[in-house]
Amino acid sequence: MLNRMLPRNCPSCGAGLEVKRFECRACKTAVEGEFTLPILARLAPEEQEFMLLLLEESGSLKGLAQRYGVSYPTVRNRLDALRAKVRALAAEKMDTSGGVTNE
Amino acid sequence: MSNEAVMGRAEGKRLSTWVFNPFYYIAGGQALVAGVVAMLLAGVLNAVTLSHFDGVLDFHTGLVTPWWVSMLEGPVNWLVMSALFLAGGKLLSTSRFRVLDVLGTQALARVPTLIMALTVMPPPVRLANARLAQAAMAAQSAQSPAANSVFQFIAPAELAMVGGVVLVVLMMVAWMVVLMYRAFAVSCNVSGGKAIGLFFALMVAGEIVSKVLLGLLYYATLN
């Protein structure tokens with residue numbers, strides 16, 4: 001089966017997408033509104049995979065480095081870049097929601 | 001999803017990464033052991049050929065010293081640069097980095113010194129070097145240097161061979177500088193114009209400090 005990926009950015013202008021509608025699979029009841037995607041869902045697929053593997057390794061960067069076959073500082077630098085991205089996304093989210101999140 | 005894709009790297013660049021940024025794959029203790037072994041081997045070769053790493057980026061032949069002086073030069077240059085890059089990293093980096101990674105990657109970055117030491121190992125090169133030194137001494141002592149042509153001491157083919165060796169050594173120095181920068185960038189997580197500027201400032205500082213320290217070592221052992 002085709003693994004459809006969650007679209008994160010507008011294919012036309014590149015801006016971040018928001019969720020407008022949820023629908024119950026069983027009864028088809030729909031809920032509409034403006035829902036911001038959670039920060040982790042807004043990361044690129046490879047970044048999400050990195051976070052999942054880090055969890056699998058219980059947060060061990062050494063374990064993650066061994067798993068990827070790269071050095072410890074390479075993994076640490078990747079994590080630092082990801083932390084900076086998550087911080088920027090969190091700040092952006094605070095700006096757009098006026099300091100209130102709807103999660 | 002491939003590991004390299006997850007790590008944000010394009011596939012198919014492995015050889016160039018191994019040559020110019022091996023720290024992507026190796027750092028810490030592994031790099032430290034590999035680098036120190038290469039440094040000590042280069043020291044042994046230098047003790048045999050009377051060659052010296054008499055500065056962070058220097059390689060010269062001819063000075064007669066006890067064997068252990070040749071063995072110490074590589075580690076002195078490495079430790080001077082590691083200490084400077086540690087300080088530079090503390091100044092510029094926003095990441096928490098390990099001292100072991102700075103020491104290990106800087107040790108591995110000095111692997112080209114082993115190739116430099118090997119270039120002057122063949123007997124014909126050592127003979128040509130000795131003749132060249134003889135020619136330089138004769139030119140220094142002569143009233144008119146032009147009267148003492150270098151070709152009285154060394155054949156053109158030998159001079160060309162020495163030129164080839166110098167070219168290889170210069171290429172190795174350039175490679176080592178690239179490796180030292182990549183080691184600094186990866187181990188301290190720094191990049192961009194500031195990192196490059198700081199790197200070259202630290203290289204100049206390292207050259208001065210290592211020259212002074214090794215100069216004191218030569219003075220202490222030869223006087």
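Visitor: Why is B:Tyr181 called buried?

Guide: Its relative accessible area is 15%, and buried means under 20%, with exposed over 50% and partly exposed in between (1.4 Å probe, protein chains only). So B:Tyr181 falls on the buried side. Keep in mind that this is a predicted model, where local features need pLDDT of at least 70 and side-chain atom pairs pLDDT 80 or more, while totals for chains, interfaces and linings use all residues. Residues are numbered from 1 along each chain as its sequence is written, chains are lettered from A and ligands numbered from 1 in written order, and side-chain values use heavy atoms, without hydrogens or water.

Visitor: How many aromatic pairs are there over all chains?

Guide: Nine, counting rings of Phe, Tyr and Trp (its six-membered ring) with centres within 6.5 Å; planes under 30 degrees apart are stacked, over 60 edge-to-face, the rest tilted.

Visitor: What makes the pair of B:Trp18 and B:Tyr25 stacked?

Guide: The centres are 4.6 Å apart and the planes sit at 20°, so both values meet the rule for a stacked pair. B:Trp18 is partly exposed at 42%, whereas B:Tyr25 is buried at 11%.

Visitor: And why is the pair of B:Tyr181 and B:Phe199 called edge-to-face?

Guide: Here the planes stand at 80° with centres 5.3 Å apart, so the pair is edge-to-face. B:Tyr181 belongs to α8 (residues 156-188) of chain B and B:Phe199 to α9 (residues 192-222) of chain B, so the pair ties together parts 18 residues apart in sequence. Helices here are DSSP runs (H or I, at least four residues) and strands likewise (E, at least two), numbered from the N terminus. B:Phe199 is buried too, at 1%.

Visitor: What makes the length of helix α7 of chain B close to the expected one?

Guide: Its 19 residues (123-141) reach 27 Å from first to last C-alpha, close to the 27 Å expected, where the expected span is 1.5 Å times one less than the number of residues. Its buried residues are B:Val125, B:Ala128, B:Asn129, B:Ala135 and B:Ala138.
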